[in-house]
Amino acid sequence: MEKYLPILRISPFFKGLSDGEILSVLHCVNAATISKKRNSYVFRAGDSTEVMGLVVSGSVLVIQEDLWGHRNILSKCCAGDFFGEPYAASPGSILNISVIADEDCEILFLNVQRLLVSCPAACEHHQKLIRNLVRVLANKLLIFNDKITHVGKRTTRDKLLSYLSAESVRQSSLSFDIPFNRQQLADYLCIDRAAMSAELSKLQKEGLIKTNRNHFELTVCNK
């Protein structure tokens, strides 16, 4: 597990813990690693889980999909990001999301239930982890709130501008990369890809944006 420490140190779940405490925690929560190939499933909707996943290399997509293959991307998790926390913390709950590898990846599974019981040793780092878990869950709620804000807009143009504006603010720059390719962005915003591409072209012609693949530059007009 020592080889994952560079990623674990920067993860919000392990904030404030020393390397020794992190390794102790991994043992406590029965940490186990798996490798997944691109486009393979990590979790499937309809299953239940007692573990949450931490991406230690590569990336995964958290998605909802219907029987006809329509995909709604909820979020993308890269190295250091978690997924599945709410379900792992609620025993018996059924997943209404799937998690799929966006590229070859390694994932660390942690048994959350081991955190939610009293620690016999009353160790300080156990209490830190519980506080960190609450922060991780709260941040996930904020991420989903952002998505609701974007997809709640009435038009494709408004959805795009809402998302790009939020990303600019989050990254504190008018020039930034987004984590999605074009199809993934359309799936995230719940819009048709062709309509989105047409709207992006219009926004470029109007001088509001410049874009190349997943890189965007925004222009703010001062009135």
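Let's start at a strand pair: E9 and strand E11 (residues 215–218) run antiparallel and are joined by three bridges. Within this pairing, Phe176 has Phe216 in E11 as its bridge partner. Keep in mind as you look around that this is a predicted model.

Stepping back, E9 and E11 belong to an open sheet of three strands, ordered E9-E11-E10 with antiparallel pairing. Strand E9 (175–177) and strand E10 (209–212) are the edge strands, each pairing on one side only. From one strand to the next, the twist averages 15°.

Now for the helices that pack on this sheet. Helix H5 (residues 156–171) touches E9, E10 and E11, and its direction makes about 100° with that of E9. H7 also packs on the sheet; this helix touches E10 and E11, with its direction at about 130° to that of E10.

H7 leads us on to another helix. Helix H6 (residues 182–189) packs with helix H7 (residues 193–205) at an angle of about 105°, and their axes are 9 Å apart. Angles of 65 to 115 degrees count as roughly perpendicular, so H6 and H7 are roughly perpendicular to each other. On the H6 side, Arg182, Gln183, Leu185 and Ala186 meet Arg193, Met196 and Leu200 of H7. Sorted by class, this contact has four nonpolar, one polar and two charged residues.

Finally, have a look at Thr149, which is found in helix H4 (residues 124–151). Is Thr149 buried, partly exposed or exposed? Its relative accessible area is 37%, so Thr149 is partly exposed. Between Thr149 and Ser162 there are 7.8 Å in space, C-alpha to C-alpha, while in sequence the two are 13 residues apart.

Key. Residues numbered from 1 in each chain as written. Predicted model: local features only at pLDDT ≥ 70, side-chain atom pairs only at ≥ 80, totals over all residues. Heavy atoms only, no water. Axes fitted to C-alpha atoms, helices over the stretch in contact; angles between N-to-C directions. Helix = DSSP H or I, 4+ residues; strand = E, 2+ residues; numbered from the N terminus. Parallel < 35°, antiparallel > 145°, perpendicular 65-115°, else oblique. Contact = heavy atoms within 4.5 Å. Nonpolar A, V, L, I, M, F, W, Y, C, P; charged D, E, K, R; others polar. Buried < 20%, exposed > 50% of the residue type's maximum accessible area, 1.4 Å probe, protein only. Pairing = 2+ DSSP bridges.
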